[in-house]
Amino acid sequence: QVQLVESGGGLVQVGGSLRLSCEASGRTFSSYAIHWLRQAPGKEREFVATIDFSGSNTIYADSIKGRFTISRDNAKNTAFLQMNTLKPADTAVYYCAAGKAVIGRPDYWGQGTQVTVSS
C-alpha cells in the first residue's frame with residue numbers, strides 16, 4: 001500500500017512557476033513509477049509526465065514539454081513537478097500517482113492539488 005500526498009499548488013500569474021511535490025508513505029517508493037496527471041474543469045483527466053523507478057527515464061505530454069520537469073528523490077520518498085512558463089491552459093487539479101509499471105494504469109493516487117494560472 002502506498003499513500004501519496006501532493007502539495008505546492010496555488011494561484012500564479014501567467015509566465016510564473018510552481019513546484020509540486022508528491023510525498024509517498026512506505027519503504028517501497030523506489031519500486032514505483034510516478035506519474036503526474038491533471039484534470040481541468042469540464043475536461044477529462046490527462047497525462048502530464050512520468051518518471052521511472054530510478055529517475056533515469058522520463059516521458060512528457062507534448063503540451064507541457066520544455067516547460068515542466070518531473071524528478072524524484074527516492075531517499076526522501078518524494079517526487080516533484082517543476083512547472084515553468086505557466087499558461088491559463090495549465091489550470092487544473094494536479095494528481096500524482098504511483099504504479100508498478102511505467103506504462104499503464106497507476107495503482108495508487110493522491111488527492112490532488114489545485115493549480116490556477118491567472119491572466
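Student: Which residues is Tyr94 in contact with, leaving aside its neighbours within four places in sequence, and what makes such a pair a contact?

Tutor: Tyr94 is in contact with Glu6, Leu20, Trp36, Leu37, Arg38, Val48, Phe68, Leu81, Met83, Gly112, Thr113 and Val115. Each of these pairs is called a contact because heavy atoms lie within 4.5 Å. The model is predicted, with local features needing pLDDT of at least 70 and side-chain atom pairs counting only at pLDDT 80 or more, while totals for chains, interfaces and linings use all residues. Residues are numbered from 1 along each chain as its sequence is written, and side-chain values use heavy atoms, with hydrogens and water left out.

Student: What makes a set of residues a nonpolar core, and which residues have the most contacts inside the largest one?

Tutor: A nonpolar core is a set of buried Ala, Val, Leu, Ile, Met, Phe, Trp, Tyr and Cys residues joined through side-chain atoms within 4.5 Å. Buried means under 20% relative accessible area, exposed means over 50%, and partly exposed is in between (1.4 Å probe, protein chains only). The largest core has 30 residues, and those with the most contacts inside it are Leu4, Trp36, Val48, Phe68, Leu81, Met83 and Tyr94. At least two residues of this core come from each of β3 (18–24), β4 (33–39), β5 (46–51), β7 (68–73), β8 (78–83), β9 (92–99) and β11 (113–118). In soluble globular proteins, nonpolar side chains tend to be buried together.

Student: How many helices and strands does the chain have, and what makes a run of residues count as one or the other?

Tutor: The chain has 0 helices and 11 strands. Both are DSSP runs numbered from the N terminus: a helix is H or I over at least four residues, and a strand is E over at least two. The order of elements from the N terminus is β-β-β-β-β-β-β-β-β-β-β.

Student: Why is the chain called as compact as a globular protein of that length?

Tutor: The radius of gyration is 13 Å, close to the 14 Å that the globule rule gives for 119 residues, so the chain is as compact as a globular protein of that length. The radius is taken over C-alpha atoms, and the rule is 2.2 Å times the number of residues to the power 0.38. Along its principal axes, the C-alpha trace spans about 40 × 25 × 25 Å. Buried residues make up 45% of the 119 residues. Of the contacts with a separation of 6 or more, 55% are between residues 24 or more positions apart.

Student: Why is Ile64 called buried?

Tutor: Its relative accessible area is 0%, so Ile64 falls on the buried side of the cut-off. Ile64 lies in the loop between β6 and β7. Not counting residues up to four places away in sequence, Ile64 touches Arg38, Val48 and Asp90. Ile64 and Asp90 are 26 residues apart in sequence and 8.6 Å apart in space, C-alpha to C-alpha.

Student: Why does Asn77 count as buried, and why does Thr85 count as partly exposed?

Tutor: Asn77 has 17% relative accessibility and therefore counts as buried. Thr85 has 45% relative accessibility and therefore counts as partly exposed. Asn77 lies in the loop between β7 and β8, and Thr85 in the loop between β8 and β9. Phi is near 55° in Asn77, a positive value in a residue other than glycine. Thr85, which is not a glycine, has a positive phi of about 50°.

Student: Why does Gly9 count as partly exposed, and which residues does Gly9 touch?

Tutor: Gly9 counts as partly exposed because its relative accessibility is 32%. Gly9 lies in the loop between β1 (4–7) and β2 (10–13). Not counting residues up to four places away in sequence, Gly9 touches Leu18, Leu20, Thr113, Gln114 and Val115.

Student: Why is Ser31 called partly exposed?

Tutor: Its relative accessible area is 30%, so Ser31 is partly exposed. Ser31 is placed in the loop between β3 and β4. Leaving aside neighbours within four places in sequence, Ser31 is in contact with Phe53, Gly99 and Lys100.
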